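Here's a quick briefing to read alongside the model. Have the viewer open and follow along.

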Amino acid sequence: MDFIFEVEGLAQGYGSRRIISGLSMRAARGAVGLLGPNGAGKTTLLRTLATVTPPRQGKIRIFGQELRTDADVREARRSIGYLPQDFGCHPGFSVYEFVRYCAWLRMVPERTAGKAALRALDQVGLAAMRSRKMKELSGGMLRRAGIAQAIVGEVKLVLLDEPTVGLDPEQRLEFRDLIREISGEAAVVLSTHLVEDVAAACGTLYVIRDGAVVFSGTPQQLTDRAAPDGRGDTPLERDYTTALRSSAVTA
Ligand SMILES: Nc1ncnc2c1ncn2[C@@H]1O[C@H](COP(=O)(O)OP(=O)(O)OP(=O)(O)O)[C@@H](O)[C@H]1O
């Protein structure tokens, strides 16, 4: 199978603190959900995959190409879309200008950048608001603009850090459809605390605790591991809390 990305034996940290150790994961097309408690290392992992910070140890391969040199990283960035938890944007930009600018940053060719920006805005349901200023958007609309900039162009690896924060219930349902659509062409990795969102939208789940994978598998496999006394209001929440309590075992 051709994997869009592979991570092997990843270690990452800040200063003298080690946050992630010996983490491996990989994905072909499709959606991968990252679940884990606050501070588990999800954002650190996504930032590393997005090439914002180089790994301390381990290998990252994008389309089979290991990222060793600055040139490898620059080339990989053209096919990586990243939505950080807090993304900056010029408040005076229109929504279209913002997404078009992000297409330019990703080196989408000039002749196709405008069309690509409109397509991304259409996919997130913001086409009708393309002339609105970024500073005039609601929290949910801002999130959708952020997703649009992450998917504009020919991205093959889409990294979304808590993309459903601020979305209302209907938008969350639309978001799940959008993830299904994008993941037909790309690998999508998304982190969230909303267990139901990842279970509905993702074929593969990774549960991360203290920078290590404690579960990897399908939502069904997670369900199969639920302890009868697992904490949570829904079956999936109980499965998730069971996985967090267990020692590191992958499906
Ligand atoms: N820039 C930084 N400098 C130092 N420590 C950091 C930095 N960013 C994150 N950390 C620490 O790294 C650990 C992992 O943080 P990270 O943001 O990756 O977790 P997370 O799983 O995304 O958490 P959350 O669900 O709260 O967003 C935390 O203990 C955090 O305090």
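Skipping its neighbours within four places in sequence, Leu 46 is in contact with Leu 159, Asp 161, Val 189 and Ser 191 (in contact means C-beta atoms, placed from the backbone, within 7 Å). Bear in mind that this is a predicted model: local features need pLDDT of at least 70, side-chain atom pairs count only at pLDDT 80 or more, and totals for chains, interfaces and linings use all residues. Residues are numbered from 1 along each chain as its sequence is written.

**Around Leu 46**
- Leu 46 sits in helix α1; helices are DSSP runs of H or I with at least four residues, numbered from the N terminus.
- Leu 46 counts as buried because 22 other C-beta atoms lie within 10 Å (buried takes 20 or more such atoms within 10 Å of the residue's own C-beta, placed from the backbone).
- Between Leu 46 and Gly 140 there are 94 residues in sequence and 21 Å in space, C-alpha to C-alpha.

**Around the ligand**
- Tyr 14, Ile 19, Gly 36, Asn 38, Gly 39, Ala 40, Gly 41, Lys 42, Thr 43 and Thr 44 surround the ligand, each with its C-beta atom, placed from the backbone, within 6 Å of it.
- Helix α1 (residues 42-49) gives the most to this shell, with three residues.
- By class, the shell has three nonpolar, six polar and one charged residues; Ala, Val, Leu, Ile, Met, Phe, Trp, Tyr, Cys and Pro count as nonpolar, Asp, Glu, Lys and Arg as charged, and the others, Gly among them, as polar.

**α3 against α4**
- Helix α3 (residues 95-105) packs on helix α4 (residues 110-123) at about 120 degrees, with the axes 9 Å apart; axes are lines fitted to C-alpha atoms over the stretch in contact, and angles run from 0 to 180 degrees between N-to-C directions.
- That makes α3 oblique to α4 (under 35 degrees is roughly parallel, over 145 roughly antiparallel, 65 to 115 roughly perpendicular, and the rest oblique).
- From α3, Val 95, Tyr 96, Val 99, Arg 100, Ala 103 and Trp 104 meet Ala 113, Gly 114, Ala 116, Ala 117, Ala 120 and Leu 121 of α4.
- This α3 and α4 contact has ten nonpolar, one polar and one charged residues.

**α3 against α5**
- The axes of α3 and helix α5 (residues 139-151) come within 8 Å and cross at roughly 30 degrees.
- So α3 is roughly parallel to α5.
- Val 95, Phe 98, Val 99 and Cys 102 of α3 make the contact with Ala 145, Ala 148 and Gln 149 of α5.
- The residues of this α3 and α5 contact split into six nonpolar, one polar and no charged.

Notes: Helices (H or I, at least four residues) and strands (E, at least two) are DSSP runs, numbered from the N terminus. Two residues are in contact if their C-beta atoms, placed from the backbone, lie within 7 Å. A residue is buried if 20 or more other C-beta atoms lie within 10 Å of its own, exposed if 12 or fewer, and partly exposed in between; C-beta atoms are placed from the backbone.
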